[in-house]
Amino acid sequence: MFQEQRFKKLSPEAVPGKAEELKAEGYRMVQICGITGEGSTELVYSFDKDHSLVNYNVTVPFGTVVKSITPTYWAAFVYENEIHDLFDVEFEDSQLDYKGNFFRTSTKTPWKGPEAKEAERWERER
Amino acid sequence: MGKRTIVPFGPQHPALPEPVHLDLELDGETVVRAVPSIGYVHRGLEKLVETRDYQQMTYIMERVCGICSMGHGYGYVNAVEGLMGVEVPDRAKVLRVVFHELSRVHSHLLWLGLLADGMGFDSLFMQCWRIREKVLDVFETVTGGRVIVSYCRIGGVACDLTPEHISMILKVCDEVEKEMDWVRRVFFLDSSVRNRLIGVGQISKDEMVELCGVGPTARGSGVDNDARSADEAYQALGFEPILYDEGDCYARCKVRVDEVSQSIELIRKALGDLPEGEWRVPVKGNPPAGQFAFRVEQPRGEAYYYVKGNGTKFLDRARVRTPTNINIPTMTRMLQGCGMQDVSMIIITIDPCISCTER
């Protein structure tokens, strides 16, 4: 038997409201994940209550700013700063914004676009 | 109010087994605020999914961390099996549990040693690591590897256990259990351990829930979110999570000491009722388009695995959210108000794994 799978779609604007709703229902935030797509980044928000997981797929077009959920789930700063640094998604109203200094990598981030190609070329030739 | 000072802590520090940086804002000797930053051992392992197929990614995932290697393999293969709809034989499920619990025993013994080392109790440190070697001997005998055991495969496990292997595991369980009696007495009763840990780095159950903490760190504050409770393989063994309510460094230590004994008991039960039959099924084809999430209780806490397939042999995404990732916020809260002398103890008691966190 596989673990129960619940994936739902959500718009970027609906994220903070849904987070507040889930918090009020007693859900724990599990993680936020970034996936680079064609012209957009997909975010997967996961929450748990009583060992039951629910995931929300949020498609964020490049350049779109997403409202932070740190006012509701402060611990989300870890994921939001990681996604900002590595996937170049902007979060506004963050309770703890590192402004691109959370992941102190030697290679310049985010890894997309011409800068990523240049970084990859540099890595290969090193 | 005294003058506020910022003290940089790490990334290179004797108390840190791995590099993480903290800016500690101090008022005299008291920590007012701790701001962490990471990235010093980021290896881009998840990005390798673009150039390694879903089978090869098993070996990549096992190398996210040396200590949790078994757990990472366990989580990743379960996620891929879920995506592909592969039914794993019952014997393989139980064998995975046995190895996962052996992995928890060696991880907790490693951590207990690091804790003892952190407080300057060197003989206790060496005893814990000496006991741990017995478990690594089992890994080496069965799989050939002491650190990266590479035991999980998509569809089952790498090899079956022979009767000789089972005898060896049960013998090691007996030996570790006997030695743990002494270790438990020292950790629970020795005044130097108690004085160093009791009341230090306290975090309440409500705060832990608020910060979404996981693993022994959360269970030391009485929060029950052990992913094994929802795992059918563990339910069959009558698993019950170990909880302490005090929420200090001492409670987090007690959870881990007790979990070593609990894991030994789970291994005995699992091996005593090991199903007969296949231990691996062939897996053909590519993962279909779709997504699957799987959670596993690693020694450090709940880990989350997410895979997204596209119908080819390459996945679109393989994501790992490790326990330390979510325990960083809890650690920063524990540090608020503590003395500078307790910072290293508090960091150690969340059992941080920075390699896991950064991937």
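1. In this predicted model, helix α3(B) passes helix α4(B) in a left-handed crossing. Helix α3 covers residues 90-118 of chain B and helix α4 covers residues 122-143 of chain B. Their axes lie 8 Å apart and form an angle of about 165 degrees. Angles over 145 degrees count as roughly antiparallel, and α3(B) and α4(B) are therefore roughly antiparallel to each other.

2. The contact between these two helices involves named residues on both sides. By class, the residues of the contact of α3(B) with α4(B) comprise 14 nonpolar, two polar and three charged.

3. A separate point concerns R4(B), which is placed in strand β1 (residues 4-9) of chain B. Is R4(B) buried or exposed? R4(B) counts as exposed, because it has 11 C-beta neighbours inside 10 Å, and the limit for an exposed residue is 12 or fewer.

4. Leaving aside residues up to four places away in sequence, R4(B) touches E25(B), L26(B), D27(B) and V32(B). R4(B) and G28(B) are 24 residues apart in sequence, yet their C-alpha atoms are 7.0 Å apart in space.

5. The contact between the two chains takes 26 residues from chain A and 28 residues from chain B. On the side of chain B that touches chain A, the elements giving two or more residues are β6 (290-298), β7 (301-309), β8 (317-321) and α11 (323-335). Of these, β6(B) gives the most, with five residues. This side of chain B has 13 nonpolar, eight polar and seven charged residues.

Definitions and conventions:
Residues are numbered from 1 along each chain as its sequence is written. Chains are lettered from A and ligands numbered from 1 in the order in which they are written. This is a predicted model: local features need pLDDT of at least 70, side-chain atom pairs count only at pLDDT 80 or more; totals for chains, interfaces and linings use all residues. Axes are lines fitted to C-alpha atoms, for helices over the stretch in contact, and angles run from 0 to 180 degrees between N-to-C directions. Helices (H or I, at least four residues) and strands (E, at least two) are DSSP runs, numbered from the N terminus. Angles under 35 degrees count as roughly parallel, over 145 as roughly antiparallel, 65 to 115 as roughly perpendicular and the rest as oblique. A crossing is left-handed if the near helix is turned anticlockwise from the far one by less than a right angle, and right-handed if clockwise. Ala, Val, Leu, Ile, Met, Phe, Trp, Tyr, Cys and Pro count as nonpolar, Asp, Glu, Lys and Arg as charged, and the others, Gly among them, as polar. A residue is buried if 20 or more other C-beta atoms lie within 10 Å of its own, exposed if 12 or fewer, and partly exposed in between; C-beta atoms are placed from the backbone. Two residues are in contact if their C-beta atoms, placed from the backbone, lie within 7 Å.
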